[in-house]
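Welcome to this guided tour! Open your viewer, have the selection tool ready, and follow along one stop at a time.

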Amino acid sequence: MAGKTLYDKIWDLHQVRRDDDGTSLLYIDRHLVHEVTSPQAFEGLEIAQRPLWRKRSILAVPDHNVPTTGLEYGITDPVAKLQVDTLDANCDKYALTEFKMGDQRQGIVHVIGPEQGATLPGMTVVCGDSHTSTHGAFAALAFGIGTSEVEHVMATQCLIQKKSKNMRVTVQGSVADGVTAKDIVLHIIGEIGTAGGTGCTIEFAGEAITSLSMEGRMTVCNMTIEAGARAGLIACDQTTLDYIEGRPFAPRGEIWQQAVEFWRDLHSDADAVFDREVVIEAADIAPQVTWGTSPEMVCSVNSRIPDPAQEADPIKAGGMQKALEYMGLEANTAFDEVAVDKIFIGSCTNSRIEDLRAAASVVKGRKLAANIKLAMVVPGSGLIKQQAEDEGLDRIFVDAGFEWREPGCSMCLGMNADRLEPGERCASTSNRNFEGRQGQGGRTHLVSPAMAAAAAVTGHFIDVRELQE
Amino acid sequence: MEKFTTFNGIVAAIDRPNIDTDAIIPKQYLKSIKRSGFGVNLFDDWRYLDPGEPGQDHSQRRLNPEFVLNRDPYQQAQILLARENFACGSSREHAVWALMDFGIKVVIAPGYADIFYNNSFKNGLLPIALDAALVDRLFSEVENSEDYRLTIDLESQLVATPDGTEMSFEIDEFRKYCLLNGLDDIGLTMQHADSIEAFEQQYYERLPWLK
Ligand code: SF4
């Protein structure tokens with residue numbers, strides 16, 4: 001019999017029962033909750049008078065709607081305020097662990113789970129948010145769910161699920177200096193497409209992946225959803241253990257040892273068989289920039305903006321043409337001719353300490369280019385903000401002309417006041433460049449934190465390595 | 001979910017085909033954080049003479065005296081009679097929530113939009129599909145009566161009129177079982193509560209750090 005994949009192992013560990021038609025009841029260890037997708041679930045429980053099955057599995061935090069400036073004035077948008085207030089009231093009522101606004105541990109739900117040690121290897125982790133895939137960096141099976149499923153997990157600690165296929169993306173060899181986790185994942189999406197992982201759980205492997213820090217691994221798994229897969233996974237190794245040890249929710253002492261022993265088996269067996277395998281050469285990856293309105297519309301910053309006329313498939317060419325029009329770009333333009341209006345460094349993809357350090361190292365001793373209207377840094381959590389300030393990173397950003405903000409989702413989705421105006425072009429470290437994602441008519445280019453910093457100080461896209469020499 | 005039991009209820013009739021979900025609950029109400037409280041905005045555009053916004057005190061708005069749900073005794077209606085392709089349009093589950101919040105337990109129509117039909121069962125609303133000719137007959141009986149009532153017997157799959165005529169309807173066995181036993185998806189999973197508990201016991205013994 002062939003060995004098991006990591007996904008198989010975690011699945012088997014959590015399967016409560018299985019019906020003949022292949023649907024399973026899957027046990028959920030960690031349920032992360034935020035203000036946008038939970039209110040109707042809480043209310044559903046109340047209407048049906050159902051108790052919560054396991055309150056301690058829940059960790060709640062408001063993030064999508066929280067303002068990143070003027071916290072002392074509270075939330076001014078009434079709809080947003082009502083959602084945050086409702087989350088607070090529900091958590092108080094059921095005595096759930098919540099990091100409220102103003103708590104230093106508050107931040108983006110996918111940043112604080114790992115930061116607190118609430119995401120552990122081998123767990124099943126769910127949240128009413130598609131970027132729950134982030135937590136797969138810890139060899140945890142993590143995926144987003146809808147509001148009725150949020151209620152289902154609250155009431156039963158389980159989900160009704162069908163198993164997905166196994167896919168492995170191996171990035172072999174090592175990347176060049178200046179090439180980051182964000183560039184790796186954007187390149188992968190460019191190669192396999194936004195539907196490349198549909199119906200699969202993707203395990204990321206290979207030297208370029210295993211040599212990443214946990215922050216980098218989270219960036220890669222975060223964008224698995226943009227490759228069409230609900231969950232991404234990376235095997236547990238010493239890097240994983242070193243990151244987790246000593247965090248508030250992590251086990252300690254004797255029980256830590258016991259856990260570590262168990263976690264060491266959380267990798268795919270050597271003879272495991274995958275339904276799909278993709279191999280990518282790390283050496284081929286240069287810093288990436290998206291040029292269109294889908295994450296797969298991406299290329300190296302050193303190549304020119306693609307030309308629809310060169311595309312053989314007429315449907316694809318049409319899509320490219322439409323994207324270029326929306327983005328206000330001409331085919332065959334070099335990226336260093338594309339001027340940028342705004343810079344956003346943040347989101348659950350790239351708002352961790354390592355991301356801020358990478359951006360700061362480029363910004364240090366430089367100023368924002370004259371054409372930059374606004375550049376903002378939004379740390380992923382209050383703790384990251386504190387750490388960055390302790391390291392003096394905030395001074396570097398502020399001295400260069402950046403705004404240093406409070407933690408939250410911010411301009412990743414423009415649900416709070418941070419938005420693009422129509423036609424504005426943004427170098428953004430977030431994960432989605434859909435039309436209007438960062439504000440109606442806004443033009444988003446996805447890049448790594450270092451690349452966003454390079455755009456900030458030069459006013460246009462540029463290979464960050466030119467500034468690093 | 002409540003168990004579905006046989007009942008005798010007032011029938012309100014809306015004589016239009018293709019009533020869409022935006023008519024059932026207009027989109028401005030979807031911003032709500034709740035799944036209850038949609039009843040006052042059920043058929044909002046038809047029910048009120050002035051436009052409505054979420055958060056407003058709807059009791060202060062001008063009611064359309066012609067609209068059936070504003071007339072006595074139809075404020076107490078538990079059964080809604082409509083024409084074909086009921087609840088077409090957007091997939092909003094709010095349409096079901098609004099009907100149920102108002103007090104509707106059963107809809108009778110010749111046919112339904114798919115998503116609404118599925119959503120209904122998840123929430124305990126029974127959509128009965130009857131032959132167009134039978135629906136016609138019900139419409140004329142409702143029109144000629146002050147207080148028209150029907151008895152709905154899900155167990156025997158029968159709609160009984162005041163004069164004792166019985167009309168039978170089809171329903172998927174499994175859905176019928178879930179409604180009669182008050183089982184939604186959560187209810188179904190809860191039937192395996194013992195398995196979940198047994199699972200937890202061995203699970204936390206093996207993985208004590210998760211306890
Ligand atoms: S940072 Fe952006 S992608 Fe991440 S959870 Fe918030 S809104 Fe979603």
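**Stop 1: a helix with a buried face**

Select helix α14 of chain A, residues 393-400. Its buried residues are A:Leu393, A:Asp394, A:Ile396, A:Phe397 and A:Ala400. Look down the axis of α14(A): these buried residues fall within an arc of 160°, so they line one face of the helix. The arc is taken from the directions that run from the helix axis to the C-beta atoms.

Some words to keep at hand: buried means under 20% relative accessible area, exposed means over 50%, and partly exposed lies in between, using a 1.4 Å probe and protein chains only. Helices (H or I, at least four residues) and strands (E, at least two) are DSSP runs, numbered from the N terminus.

Before moving on, please note that this is a predicted model, in which local features need pLDDT of at least 70 and side-chain atom pairs count only at pLDDT 80 or more, while totals for chains, interfaces and linings use all residues. Residues are numbered from 1 along each chain as its sequence is written, chains are lettered from A and ligands numbered from 1 in the order in which they are written, and side-chain values use heavy atoms, leaving out hydrogens and water.

Now show what surrounds the helix. The buried residues of α14(A) pack against α12 (353-363), β16 (374-377), α13 (382-390) and β17 (403-404) of chain A.

**Stop 2: charges in and around α14**

Which side chain of opposite charge is nearest to A:Asp394? Select A:Asp394, in helix α14 of chain A, and you will find A:Arg395 at 5.1 Å. Here Lys and Arg count as positive and Asp and Glu as negative, while His and the chain ends are not counted. A:Asp394 is buried yet has no salt bridge, a term for a side-chain nitrogen of Lys or Arg within 4 Å of a carboxyl oxygen of Asp or Glu. Leaving aside residues up to four places away in sequence, A:Asp394 touches A:Ala388, A:Glu389 and A:Trp404, where a contact means heavy atoms within 4.5 Å.

Next, pick A:Arg395 together with A:Asp399. Their side chains meet in a salt bridge, 3.2 Å from N to O. Both residues lie in helix α14 of chain A, four residues apart, or about one turn of the helix. An α-helix has 3.6 residues a turn, so residues three or four places apart point the same way. A:Arg395 is partly exposed at 46% relative accessible area, and A:Asp399 is partly exposed at 44%.

Now select A:Glu391 and A:Arg357, a salt bridge whose closest N and O atoms are 2.9 Å apart. This pair links distant parts of the chain, 34 residues apart: A:Glu391 sits in the loop between α13 and α14 of chain A, and A:Arg357 in helix α12 of chain A. Both are partly exposed, A:Glu391 at 36% and A:Arg357 at 37%.

**Stop 3: over to chain B**

Chain B has eight helices and seven strands, and its C-alpha atoms fill a box of roughly 70 × 45 × 25 Å along the principal axes. Of its 211 residues, 53% are buried.

Select B:Arg92 and B:Asp22, whose salt bridge has its closest N and O atoms 2.8 Å apart. B:Arg92 lies in the loop between β2 (79-81) and α3 (94-102) of chain B and B:Asp22 in helix α1 (residues 21-24) of chain B, so the pair ties together parts 70 residues apart in sequence. Is B:Arg92 buried or exposed? B:Arg92 is buried, at 13%, whereas B:Asp22 is partly exposed at 25%.

**Stop 4: a histidine that touches both chains**

Go to A:His14 in helix α1 (residues 6-14) of chain A. At 0% relative accessibility, A:His14 is buried. Not counting residues up to four places away in sequence, the residues it touches include A:Leu25, A:Tyr27 and A:Met123, along with B:Phe199 and B:Tyr203.

**Last stop: the ligand**

Show the ligand and its surroundings, counting a residue as near if one of its heavy atoms lies within 4 Å. Among the residues around the ligand are A:His64, A:His110, A:Asp129, A:Cys348 and A:Arg437.
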